[in-house]
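Please look over the sequence and the model that follow.

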Amino acid sequence: FIGCEHAFAGGSQGKLIVRDGSSPVVIIERFMAMYTDMVLVHDTNRTVVASSCIGMDIEGKGAGDFFIDDWANKAHFLNPQQSIWIRQLNPEPKAGEIGILNNGADLWIFGWKAENVGLQMRTQNGGKTEILGGLLWSTQPDEKPNMFEIIESSASFAGVQEGVARGDRGSTNAVLEVRDGQTRVLLRGDLWRSSMPLFVGYTSDVDSTPPNPPRNLRDITAP
C-alpha cells in the first residue's frame, strides 16, 4: 500500500485497518496526514511494516509483529502478545495525551524525538520497553509532570536527553516508576545536564543476570 506522498485534507477523519488475510506481510508507506484524525490500526496476526508517514496515529491491537520506520505521531500498542520494532519515532502529545503507550507488549525503539507537553511514554501491564537514543525538545512553558512512566513493568532508556528552550521549565520528573505498589520518581533536576546515559527499571520476574563471558572465539561460534 504505497501512498506516493498523498496528503489527506486537513480535518480528515478515518482509519486504515489491517486485518487477517492471505498475504503474510502487509506494507504501508508514504502518507501525509498532518492536522487530521487519521489512524493506522494493526488488528491482525500478520506482520505489518509501516514507514515514512507524518501525522497519522498508530494503534496496535493485533498479535502480529509490527515494524515501524520513520513515523511521526502518537503510537499506542494495546495487545500484550505483540512485538514491535521501531526506527525513528516522533510523537508530540498534547496536554492530556500519551505519546507512546505500551500496554504489556514488547517494544524496542531505536531513535526517538518528541516535543509538546503531554506524557511522552507509559509502559504498563507488564510491558517491556527499550529506547536507544532520544531527545525531548521542550519548547513550551506549560508544566510537564513526567517524561516517562513505568507502571509495574520494565523499561530501559539509553542516551536520552531533554533539551529546554529559553523560557521553558522542562519536565518535573524524568521518570515516574510504580513498583510493587510503591511510587518513586527520578527528578529531571537530578540528571546530569538533563541526560540519562542509562536508566533501567524492571519487574522482579525479569532475569537481569548477565550471561557468562565466552572463554575464546570457539565458544562464540560453536553451534
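Strands, like helices, are DSSP runs numbered from the N terminus, a strand (E) having at least two residues and a helix (H or I) at least four. This is a predicted model, in which local features need pLDDT of at least 70 and side-chain atom pairs count only at pLDDT 80 or more, while totals for chains, interfaces and linings use all residues. Residues are numbered from 1 along each chain as its sequence is written, and side-chain values use heavy atoms, with hydrogens and water left out.

Leu198 is placed in strand 18 (residues 195-201) and is exposed at a relative accessible area of 60%, where buried means under 20%, exposed over 50% and partly exposed in between (1.4 Å probe, protein chains only).

## Salt bridges

Eleven salt bridges are held in the structure, each being a side-chain nitrogen of Lys or Arg within 4 Å of a carboxyl oxygen of Asp or Glu. One of them joins Asp57 to Lys74, with the closest N and O atoms 3.3 Å apart. Because Asp57 lies in strand 6 (residues 57-60) and Lys74 in the loop between strand 7 (66-72) and strand 8 (75-77), this pair ties together parts that are 17 residues apart in sequence. Asp57 counts as buried at 19% relative accessibility, and Lys74 counts as buried at 16%.

Arg188 and Glu162 also meet through their side chains in a salt bridge (3.0 Å, N to O). This pair links distant parts of the chain, 26 residues apart, with Arg188 in the loop between strand 17 (182-187) and strand 18 and Glu162 in strand 15 (residues 154-164). Arg188 is buried at 17% relative accessible area, and Glu162 is buried at 3%.
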